[in-house]
Amino acid sequence: MQLDVIIPTYNRCRMLRRTLDSLLAADVPAGLEVRVTVVDNNSKDATRETVESYCERFGYRLGYVFEGRQGRSFALNAGIRSTVGDLVGMIDDDEEIDRRWYSTVYSIFSRGGVDFIGGPYVPRWGAEPPAWLPTKYLGAIGWVDGGDCLVPFDANYPGILMGGNAVIARATLNRVGLYNTNLGRTDKRLISGEDDDMYQRLIEAGARGFYVPELIIYHHIPPERLTRSYFRRWCFWRGVSCAVIDRKRQQPVVYFGSIPRYLYGQAARGLIKAIAGRIIRRGASEIFTHELSVWDAVGFFYGKMFYQRAGSSRRNAPSRQSASTLVEPDVQQTCSRLVE
C-alpha cells in the first residue's frame, strides 16, 4: 500500500520545517510505503531550498512541485496529479502529525471497504485563547473535535471532511474528481468551501468514510487568528463560499429572491440577539456567536447576488483590484457599526 502525503504551502518555510519533522518522526508500519510531496503555491520565501534540504533525510521520498496559480485547490490538485499512490493524504503546512498517524491510516484502510477518513485537529495556541471565543465557529481557527469514537461520515455527523487532515483512496478521487478551483483560499481572500464541495461529492457518490479519533494532527493557531476581525472575515467569506456552491447545488429548502428563506430569519435573529446581549450583558462568547451568524447570512447574500458578477466584470472596476475586493470592506464596516 502506498500513501502519498500532499502538503500545499505558501510562504511558510519555517513552519513547514515543523511539519516535515513530524512526518519523519512518525512510525511507518510494515506494509505501508510513504511518499511526501510539497506543493509550493508560488511562495516568495525559501520554500524550495527548505524542501531540498530535507530530501536526503526522507530517503529521497520527498518531492517538490511548483504551482504558480494562486489558491489552495490549485495546489492540492497539482499534488494529486503528480502522485500515483493508492492513498492520497492531505495535511497543511501549519500542522504536525501525531506519531501514530501513518499506523492509523494503514490500520483503517487495511480492513477494506473504506474510501476516505478524517480526524481531529488539536490546537497548539500561539496566544492565550480569548474569553469571547465562539464555540460554534471553531472551524475558523481549524479546531476539530468529533469525539473519541469511530463514527461514519453521514447525515448524522455534525461536520464535514476537512482537507487539512484527510486521506482519500485514489480510486475514489478518480471517481468524484479533483478539488473545485473556484473555492480555494488565496493569499488575498478567505473564500473556501473546497472541502465542503468535495465532501458533498463524496457522499453523493456513495463513498464510505469515517471520522477516526486516532488520526490526530496538531494545528498551530497564530495570534492574528484570535481576533474578532479575523472571525468576521472568515464567516463573511464562508457565506460567500456557500453561495458559490449553492449556485450549482441548491439546498432542499424554500427560497425567496434566490436566497434560502431561513437565512433572512437567521440574520434578523442574530442581529437582535447580539444587540440585546450587549444591553443585558450576556457572555462575550454568546454575543459574538449571534453576531457571526449575521456575517454568515450577509456573506451568502453578497456571494449569491454580487460575487460572481463583480469578479468577472473587470472592465467596470475602477482599478486593477477586483470589484468584489472593493465591496467587501464597505459591507463589513456597515455590519460592524450595527452590532458594536
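Me: Before we start, what makes a charge count as sitting over a ring?

Reply: A charge sits over a ring if NZ of Lys or CZ of Arg is within 6 Å of the ring centre and within 35 degrees of the ring normal. In this predicted model, the charged end of Arg-228 is placed over the ring of Phe-288, 5.1 Å from its centre. Arg-124 likewise lies over the face of Tyr-218, at 4.4 Å from the ring centre.

Me: Thanks! Now the ring pairs: how many aromatic pairs does a search of the whole structure find?

Reply: The search gives 17 aromatic pairs.

Me: Why is the pair of Phe-301 and Phe-306 called edge-to-face?

Reply: Their ring centres are 6.1 Å apart and their planes stand at 70°. Pairing needs centres within 6.5 Å, and planes over 60 degrees apart count as edge-to-face, so this pair is edge-to-face.

Me: And what makes the pair of Tyr-302 and Phe-306 tilted?

Reply: Here the centres are 6.2 Å apart and the planes are at 35°. Stacked would need under 30 degrees and edge-to-face over 60, so the pair is tilted. Both residues lie in helix α9 (residues 284-312), four residues apart, about one turn of the helix.

Me: How do you know whether Tyr-302 is buried or exposed?

Reply: Tyr-302 has a relative accessible area of 3%; buried means under 20%, so Tyr-302 is buried.

Me: Which residues do ring pairs link into a cluster?

Reply: Phe-236, Trp-237, Phe-301, Tyr-302, Phe-306 and Tyr-307.

How values were computed. Residues numbered from 1 in each chain as written. Predicted model: local features only at pLDDT ≥ 70, side-chain atom pairs only at ≥ 80, totals over all residues. Heavy atoms only, no water. Phe/Tyr/Trp six-rings, centres within 6.5 Å; stacked < 30°, edge-to-face > 60°. Helix = DSSP H or I, 4+ residues; strand = E, 2+ residues; numbered from the N terminus. Buried < 20%, exposed > 50% of the residue type's maximum accessible area, 1.4 Å probe, protein only.
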